[in-house]
Amino acid sequence: MTIPFWCLVAVIFIPIILGFVGAKARTDEFGSADNKHPRAQAAKLEGRGARIYAAQENAWEAAIMFSVAVITTHLAGLDPAAAAHFAIGFVVLRIVHAVTYIADQDKIRSVSFILGLVCMITLFVKAA
């Protein structure tokens, strides 16, 4: 498996990890995690817990777009080494995005989002 595909695996695990962190936040705020209605309970979260779930939702959205970018570079025949730096950069920036989202550091979060978007767009451009 190539580095871009390993990066895709990492990006897919970010929202899963945030889901576990979010379950802990629900337990902390409400005394237990409601596994029958987790989304309804998550919608009632405030502060840090709400930011965890927002980061998770954003991470799923980013994972979908990054999946398309990595698959596109592969199908276009782009040398994986040419995509590796941008794929790794995207993973690092998505981790920064999640951490700064939870920490309520909006400016850093926005910068990491934009730079990650640039990495992803660059993958599409290189595949063209």
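Helices (H or I, at least four residues) and strands (E, at least two) are taken here as DSSP runs, numbered from the N terminus. The model is predicted, and for that reason local features were required to have pLDDT of at least 70 and side-chain atom pairs were counted only at pLDDT 80 or more, whereas totals for chains, interfaces and linings use all residues. Residues are numbered from 1 along each chain as its sequence is written, and side-chain values use heavy atoms, with hydrogens and water left out.

On this basis the chain comprises five helices and zero strands, following the pattern α-α-α-α-α along the sequence. Its C-alpha atoms fill a box of roughly 50 × 30 × 15 Å along the principal axes. Of the 128 residues, 38% count as buried, where buried means under 20% relative accessible area, with a 1.4 Å probe and protein chains only. Among contacts (heavy atoms within 4.5 Å) with a separation of 6 or more, 71% join residues 24 or more positions apart.

Leaving aside neighbours within four places in sequence, Leu123 is in contact with Phe66, Ala69, Thr73, Ala83 and Phe86. Ala69, which lies in helix H3, is buried with a relative accessible area of 0%, and beyond residues up to four places away in sequence it touches Met120, Leu123 and Phe124.

The largest pocket has a volume of about 290 Å³. A pocket is an open set of points on a 1 Å grid over the protein atoms alone, where a 1.4 Å probe fits, with protein on both sides within 12 Å along at least five of seven lines, and lining residues have an atom within 4 Å of a point; grid points are joined across faces, edges and corners, and the volume is the space filled by probe spheres set on the points. Helix H2 (38–43) and helix H3 (47–75) each supply at least two lining residues, the largest share, six residues, coming from H3. The lining includes Arg26, Pro38, Tyr53 and Trp60.

Methods: Buried means under 20% relative accessible area, exposed over 50%, partly exposed in between (1.4 Å probe, protein chains only).
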